[in-house]
Amino acid sequence: MTTDVEPAASGRALARLYDLDLVEDPGDLDLYLALASRTGGPILELAAGTGRLAIPLAEAGHRVTAVDLDPAMLERARRALDGAGRETAERLELVEADLVGLALDRAGSYRLAFLGLNSLFLLATREAQREAIRTLARHLAPDGLAVVDVWVPDADDLARFDGRLILEYVRTDPETGHEVTKLATARHDATSGVVDLTSIYEEGRPGEPAARWIRRDTLRLVGADELRAHAEEAGLVVEEMAGSYDMEPLRAGSERAILVARRP
């Protein structure tokens, strides 16, 4: 059955389920901890979500500004921050804002600014993605680093984006104890690079009616060459294009493109 709920309740549920999506560590935190140790603070994270990266960076002693447009995501980040201790909370500022056109008071002072784990895809036009890189650039101090991390699908990956319904996982949500089944369907437009993605979550206890939550996203895929071009257009100097979180060089078959660029 489908449960009729207020939009705010749906937003909170989808924010919680976003954390369940990432319960298996993507493996990117160590990269940002290493870059933070290299650059020092302060640090800016755009599209920070529920604080998966921002909170550990603050726990490691860095001053962090975490920006997100979704109030439900930031609500979960605040809850997690409440449990992280006073010193960590003092080092992390949560800002509800659109990253496109963002101009924080501390612009020009950040030593590290990043968009993690495919967040750039959520900006569904080339211009919005270009502006996101500009936002990183104008918030950096001289010699500060901008980092953007995106998935690089291969032909087989894209072939699955044909509208078929795919089972993503069945997991138990540790927060509610509910069993969650996630299914997804996607269509890829090769002419624009846009993917229309619908994620369907059904959750409940065995033998009880299930609640259904649906999330729809329009994603724009970005290749490594385009990512490099955006950085150079923003006035950044590309230092590295890596193909993994171990910073192995980007090559044919790499699953990720990780841009590391410096503000001169």
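**Pockets, strands and rings**

Colleague: What is the volume of the largest pocket, and what makes a space a pocket?

Modeller: The largest pocket has a volume of about 1,800 Å³. On a 1 Å grid over the protein atoms alone, a pocket is an open set of points with protein on both sides within 12 Å along at least five of seven lines, whereas a cavity is a set of points where a 1.4 Å probe fits but cannot get out; lining residues have an atom within 4 Å of a point. Grid points are joined across faces, edges and corners, and the volume is the space filled by probe spheres set on them. By that rule 48 residues line the largest pocket, and the closest to its centre are Tyr-18, Leu-117, Asn-118, Leu-197 and Leu-219.

Modeller: Before we go on, please keep in mind that this is a predicted model, in which local features need pLDDT of at least 70 and side-chain atom pairs count only at pLDDT 80 or more, while totals for chains, interfaces and linings use all residues. Residues are numbered from 1 along each chain as its sequence is written, and side-chain values use heavy atoms, with hydrogens and water left out.

Colleague: Which elements supply at least two residues each of the lining of the largest pocket, and how does that lining divide by class?

Modeller: They are α1 (7-21), β2 (64-68), β6 (162-172), β7 (179-189), β8 (194-204) and β9 (211-220), where helices (H or I, at least four residues) and strands (E, at least two) are DSSP runs numbered from the N terminus. The lining has 27 nonpolar, 6 polar and 15 charged residues, with Ala, Val, Leu, Ile, Met, Phe, Trp, Tyr, Cys and Pro counted as nonpolar, Asp, Glu, Lys and Arg as charged, and the others, Gly among them, as polar.

Colleague: Which residues lie nearest the centre of the second largest pocket, and which element gives the most to its lining?

Modeller: That pocket holds about 290 Å³ of space, and of its 14 lining residues Asp-19, Thr-50, Gly-51, Arg-52 and Arg-76 lie nearest the centre. Two or more lining residues come from each of α1 and α4 (71-82), and α4 gives the most, with 3 residues.

Colleague: How many cavities of 30 Å³ or more are there, and what is the volume of the largest cavity?

Modeller: The count comes to 1 cavity of 30 Å³ or more, and the largest cavity has a volume of about 80 Å³. Its lining includes Tyr-18, Thr-50, Gly-51, Arg-52 and Leu-117, and divides into 5 nonpolar, 4 polar and 3 charged residues.

Colleague: Why is β4 called largely enclosed?

Modeller: A residue is buried under 20% relative accessible area, exposed over 50% and partly exposed in between (1.4 Å probe, protein chains only). In β4, 5 of the 6 residues are buried, so the strand is largely enclosed by the rest of the structure.

Colleague: Why is the pair of Tyr-32 and Phe-114 called stacked?

Modeller: Rings of Phe, Tyr and Trp (its six-membered ring) pair if their centres lie within 6.5 Å, and planes under 30 degrees apart count as stacked, over 60 as edge-to-face and the rest as tilted. There are 2 aromatic pairs by this rule. Tyr-32 and Phe-114 have centres 4.2 Å apart and planes at 25°, so they meet the rule for a stacked pair. Tyr-32 lies in helix α2 (residues 29-39) and Phe-114 in strand β4 (residues 110-115), 82 residues apart, and the pair thus links distant parts of the chain. Both Tyr-32 and Phe-114 are buried.

Colleague: What makes Asn-118 count as partly exposed, and what is its phi?

Modeller: Its relative accessibility is 22%, so Asn-118 counts as partly exposed. Asn-118 has a positive phi of about 70° although it is not a glycine, and its place is in the loop between β4 and α6 (126-139).
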